[in-house]
Amino acid sequence: MKNLCVAHRGYSGKAPENTLAAVRMALALPFVRWMEIDVQLSKDGVPVVIHDFSLDRTTNGHGKVKHMDWEHIRRLDAGSWKGRAFRGEKVPSLDEVLTLASGKLRLNIELKTTGDMYPGLERAVMDLISAKGMQGEVVLTSFDAAVLQRIKELDPRFRTGLIYDSRQGDPAQKVHELNCSFLSISSARLNPKLAGLLAERGIQIMAWTVNKAKEMRRLADMHSDIMICTNRPDVWGDTFLKI
């Protein structure tokens, strides 16, 4: 089976998303080859792993990530909302996640920003990755074309990927214009023609977020190179690893 399993925000179907618990649960499954995480900056410039711009949904804190120092963020409970078993789980730093994942699986790191929301985000993330010698283990992705352009300007050796959700336009052309080698795209937007074209051009395709076996099989039948990003890697295993 070539349709690789990507754990979305870690094993977020069972553990609180973007936490070390979710990362460890994904790492425990040998067929999980990739993991997608989200990164923002604290007020004092620390790359932190969290999806929402606000702390409210996934922690017991309130307010914007960008307005809080790392020392404040790291004291928050990011697990209780998912269940008592995860009470006390923390918002991890990118450094912590990189340390856990190094040499074990590849990371799709989405830079969560828009416009000039996080000046220096690209540099901070790239410096951490470079310090750990993990440039070959990651792809940096974003909806924001300017972010992807800045990454290439800072260090063209880093792989970049466009996140594409629009029903309009030509994602294949956009990827080419931005010199990306990766496309993260809504599963509903993919069709066999587009998947074939991207594969022919050497573009790695990741479809999100797919939690049902029927949709996983549809994507697998469409093209063997489509990576399947899911909150439920257990469903991926049940779908593709049954004898």
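This is a predicted model: local features need pLDDT of at least 70, side-chain atom pairs count only at pLDDT 80 or more; totals for chains, interfaces and linings use all residues.

Visitor: Which residues touch the most other members of the largest nonpolar core?

Guide: They are Met35, Leu94, Ile109, Ile129 and Leu190, in a core of 71 residues. Helix H4 (residues 121–131) gives the largest share of this core, 6 residues. A nonpolar core here is a set of buried Ala, Val, Leu, Ile, Met, Phe, Trp, Tyr and Cys residues joined through side-chain atoms within 4.5 Å. Buried means under 20% relative accessible area, exposed over 50%, and partly exposed in between, with a 1.4 Å probe and protein chains only. Helices (H or I, at least four residues) and strands (E, at least two) are DSSP runs numbered from the N terminus.

Visitor: What is Leu94 in contact with?

Guide: Leaving aside neighbours within four places in sequence, Leu94 is in contact with Ile37, Val39, Pro47, Val48, Val49, Ile109, Val125 and Leu128. Contact means heavy atoms within 4.5 Å.

Visitor: Which residues does the second, separate core include?

Guide: That core has 9 residues, including Trp34, Val139, Ile163 and Met206.

Visitor: A change of topic. How many cavities of 30 Å³ or more does a search of the whole structure find?

Guide: The search finds 1, and about 60 Å³ of space lies in the largest cavity. On a 1 Å grid over the protein atoms alone, a cavity is a set of points where a 1.4 Å probe fits but cannot get out, and lining residues have an atom within 4 Å of a point. Grid points are joined across faces, edges and corners, and a volume is the space filled by probe spheres set on the points.

Visitor: What lines the largest cavity?

Guide: The lining consists of Glu17, Asn18, Thr19, Val49, Ile50, His51, Thr58, Ala78 and Val91. These residues divide into 4 nonpolar, 4 polar and 1 charged. For that division, Ala, Val, Leu, Ile, Met, Phe, Trp, Tyr, Cys and Pro count as nonpolar, Asp, Glu, Lys and Arg as charged, and the others, Gly among them, as polar.

Visitor: And Ile50, where does it lie?

Guide: Ile50 is in the loop between strand E3 (47–49) and H2. Ile50 counts as buried because its relative accessibility is 5%. Apart from neighbours within four places in sequence, its contacts include Asn18, Asp38, Val39, Leu55, Thr58 and Val91.

Visitor: What is phi of Asn18?

Guide: Phi of Asn18 is near 55°, a positive value in a residue other than glycine. Most residues other than glycine have a negative phi, and most peptide bonds are trans. Asn18 is placed in the loop between E1 and H1, and at 3% relative accessibility Asn18 counts as buried. Arg9, in the loop between strand E1 (5–8) and helix H1 (20–27), also has a positive phi, near 60°.

Visitor: Which peptide bond is cis?

Guide: The bond from Trp208 to Thr209 is cis, with omega near -25°. Thr209 is in the loop between E8 and H8.

Visitor: Last, helix H7: which of its residues are buried?

Guide: In H7 (residues 192–200), the buried residues are Leu194, Ala195, Gly196 and Leu198. Their cover includes helix H6 (171–177), strand E7 (182–186), strand E8 (204–208), helix H8 (213–222) and strand E9 (226–230).

Visitor: What follows H7?

Guide: Gly202 follows H7, and its phi is positive, near 80°. At the N-terminal end, H7 is capped by Asn191, with a side-chain oxygen 3.1 Å from the backbone nitrogen of Lys193.

Conventions. Residues are numbered from 1 along each chain as its sequence is written. Side-chain values use heavy atoms; hydrogens and water are left out. A polar contact is a pair of N or O atoms within 3.5 Å; within protein, one must be able to donate a hydrogen and the other to accept it, and residues adjacent in sequence count only if both atoms are side-chain atoms. On a 1 Å grid over the protein atoms alone, a cavity is a set of points where a 1.4 Å probe fits but cannot get out, and a pocket is an open set with protein on both sides within 12 Å along at least five of seven lines; lining residues have an atom within 4 Å of a point.
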